[in-house]
Structures are given as structure tokens and as C-alpha cells.
Amino acid sequence: MASWFYRGLRRGIVTTRYPKAIDAWARQLPSPPAFHSARLTIALADRLVDACAAGALSRADRTLILDLGKCTACGRCIELSNGAAQPSGESLLASPDRSGLVKTVPIRGGQTGDE
């Protein structure tokens with residue numbers, strides 16, 4: 001630590017390069033959900049929206065909307081999804097634009113929109 005401090009004083013601000021590989025332990029950290037569109041139904045999507053304590057999930061017609069900027073990766077939606085969601089494994093979620101954090105998932109499960 002001290003060597004970094006003294007190098008910074010000598011050369012000015014010093015930054016390091018972004019790591020090329022993610023550490024193995026980081027893959028075990030909680031991550032936002034990834035949804036299987038064919039397994040989602042309107043009823044299941046509504047149940048997941050209601051269960052999301054962070055308010056990261058919403059539904060518009062036959063589309064589930066996931067706001068990664070609000071998601072805390074608590075795993076509640078994964079537990080309640082009956083296999084329609086799984087951990088995404090994504091830990092690098094930075095985006096220069098807020099809209100890059102909003103994901104839409106078409107709801108393809110079920111036959112009608114009034115399930």
C-alpha cells in the first residue's frame with residue numbers, strides 16, 4: 001500500500017488497468033436475474049412484480065421490465081419463479097446511460113394475455 005502512495009506522490013494520480021479476468025470468487029456473489037421468456041406467464045410476472053421489494057420489476061402488457069439500477073440481487077424473484085429465472089452471473093453492470101440498465105423480457109408463456 002505504501003508503495004502506491006509514494007508512487008502517486010512522485011508521478012501524480014496513478015490508476016491501474018481494469019482486470020482482464022474476473023476472480024473465481026466473484027462468480028459466487030449474488031447477481032441479478034436472467035429470465036426465460038418462454039416460461040414466463042402473465043400471472044407469474046405479476047407475482048414476481050409484487051414480490052420485488054426493491055421495485056426493480058414491472059410489467060407492461062406482455063413484457064416484464066427489469067431495472068438493474070434498482071435490483072439488489074436479493075434472489076426473491078429467482079426463488080418464486082418456478083424455473084423461469086436464474087442468476088445471470090453478471091457482476092459488471094456499469095452503464096454510461098441509465099436506459100442501458102433497463103431490460104425488457106417478452107412474456108411468451110401461456111396462451112392468452114388474461115391468465
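Strand E3 and strand E5, residues 102-106, run antiparallel and are joined by five bridges. This is a predicted model, so please keep that in mind as we go.

Strand E2, residues 57-60, pairs with E3 in the antiparallel sense, over four bridges. Ser-58 stands opposite Ile-65 in E3, and Arg-59 stands opposite Leu-64. The hairpin of E2 and E3 has two residues between the strands, and Asp-61 takes a positive phi there, near 55°.

Put together, the three strands form an open antiparallel sheet in the order E2-E3-E5. E2 and E5 are at the edges with a single partner strand each, so one side of each has no neighbour in the sheet. On average, neighbouring strands are turned by 25° against each other, direction ignored. Helix H2 packs on this sheet and touches E2 and E3; its direction makes about 145° with that of E2.

Next, the core. The largest nonpolar core has 18 residues, and those touching the most other members are Phe-35, Leu-40, Leu-48, Leu-57, Leu-64, Leu-66 and Ile-107. Two elements give two or more residues to this core: helix H2, 42-51, and strand E3, 63-67. H2 gives the most, with four residues.

Last, what does Leu-66 touch? Leaving out residues up to four places away in sequence, its contacts are Pro-33, Phe-35, Ala-56, Leu-57, Cys-71, Leu-101, Val-102 and Lys-103.

Methods:
Residues are numbered from 1 along each chain as its sequence is written. This is a predicted model: local features need pLDDT of at least 70, side-chain atom pairs count only at pLDDT 80 or more; totals for chains, interfaces and linings use all residues. Side-chain values use heavy atoms; hydrogens and water are left out. A nonpolar core is a set of buried Ala, Val, Leu, Ile, Met, Phe, Trp, Tyr and Cys residues joined through side-chain atoms within 4.5 Å. Buried means under 20% relative accessible area, exposed over 50%, partly exposed in between (1.4 Å probe, protein chains only). Contact means heavy atoms within 4.5 Å. Two strands pair if DSSP finds at least two bridges between them. Axes are lines fitted to C-alpha atoms, for helices over the stretch in contact, and angles run from 0 to 180 degrees between N-to-C directions.
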